[in-house]
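This report goes through a model one topic at a time. Definitions are given where a term is first used.

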There are 2 protein chains.
Amino acid sequence: MNDQICPKFEYAVHILHRRWTGLIIYQLLRGEKRFNEIQQAMSISSKVLSERLKYLETEEIITRNVYPEVPVRIEYMLTEKGKSLSPILDELQKWANQWINI
Amino acid sequence: MNDQICPKFEYAVHILHRRWTGLIIYQLLRGEKRFNEIQQAMSISSKVLSERLKYLETEEIITRNVYPEVPVRIEYMLTEKGKSLSPILDELQKWANQWINI
């Protein structure tokens, strides 16, 4: 049936649809960030943030870099796959500027 | 703080983040559709679909048109605000084609 939804599209929607994942990606578009830096910009619990970061790692959208310093520094950054979500988030920002009045 | 998320962006993300709303909009980009037509293209219960359609109506993304025929015909269509989500969904489709291997 012509009107069926493309399964790739559906899969992509489901990645972004998980609550918070879009906002985490948006944060990381500006560069590598620590856990606490991501958390500070959003009202999200540590438990949920850490679950979402693991999910995005599994989907190969972000990577977790461990710097062997004392204390150890752990930062999250976007992969190429993650960075290429940027045009989607840009379009979303444009739409929000035009249509959302809050 | 410069890194805070724009509240308009956050609001827009939350609209699209509700499970199914993106897929409903995607369906309606191809034109006005009846409830059953939308439902057939997705594996979604009547209860959830009707709740999501009401939500999208409240957000002024879709309108519900009642045609006084026998039996009455009810169709859903995108508003201007809804139609202007099209570039976002196009970018998402491009991303999915490039990165999702299923």
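## Sheet

E2(B) and strand E3 (residues 73-78) of chain B pair in the antiparallel sense over 6 bridges. Strands (E, at least two residues) and helices (H or I, at least four residues) are DSSP runs, numbered from the N terminus; two strands count as paired if DSSP finds at least two bridges between them. Within this pairing, B:Ile62 stands opposite B:Leu78 of E3(B).

The open sheet in chain B consists of 3 strands in the order E1-E3-E2, with antiparallel pairing. Strand E1 (33-34) and strand E2 (62-67) of chain B are at the edges, each with a single partner strand, so one side of each has no neighbour in the sheet.

## Basis of the model

This is a predicted model, in which local features need pLDDT of at least 70, side-chain atom pairs count only at pLDDT 80 or more, and totals for chains, interfaces and linings use all residues. Residues are numbered from 1 along each chain as its sequence is written, chains are lettered from A and ligands numbered from 1 in the order in which they are written, and side-chain values use heavy atoms, with hydrogens and water left out.

## Chain A as a whole

Chain A holds 6 helices and 3 strands. Read from the N terminus, the elements follow the order α-α-β-α-α-β-β-α-α. The C-alpha trace of chain A spans about 55 × 35 × 25 Å along its principal axes.

Of the 102 residues in chain A, 45% count as buried (under 20% relative accessible area; exposed is over 50% and partly exposed in between, with a 1.4 Å probe and protein chains only). Among contacts in chain A with a separation of 6 or more, 48% come from residues 24 or more positions apart; contact means heavy atoms within 4.5 Å. Chain A exposes about 5400 Å², and carbon and sulfur atoms supply 51% of that area. Accessible areas come from the Shrake-Rupley method with a 1.4 Å probe, and for residues only the protein chains shown count as cover.

Chain A carries 14 positive and 13 negative charges, whose mean positions are 5 Å apart. Lys and Arg count as positive and Asp and Glu as negative, while His and the chain ends are not counted. Each charge is placed at NZ of Lys, CZ of Arg, CG of Asp or CD of Glu.

## Relation of the two chains

The same surface serves both copies, since 100% of the contact residues of chain A recur in chain B.

## Backbone features

A cis peptide bond joins A:Val70 and A:Pro71, with omega about -5°. A:Pro71 lies in the loop between strand E2 (62-67) and strand E3 (73-78) of chain A. In chain B, the peptide bond from B:Val70 to B:Pro71 is cis, with omega near -5°, and B:Pro71 sits in the loop between E2 and E3 of chain B.

A:Glu60 is not a glycine, yet has a positive phi of about 60°. This residue is found in the loop between helix H4 (46-58) and E2 of chain A, and A:Glu60 counts as exposed at 54% relative accessibility. B:Glu60, also not a glycine, has a positive phi of about 60°. The loop that holds B:Glu60 runs between helix H4 (46-58) and E2 of chain B, and B:Glu60 counts as exposed at 54% relative accessibility.
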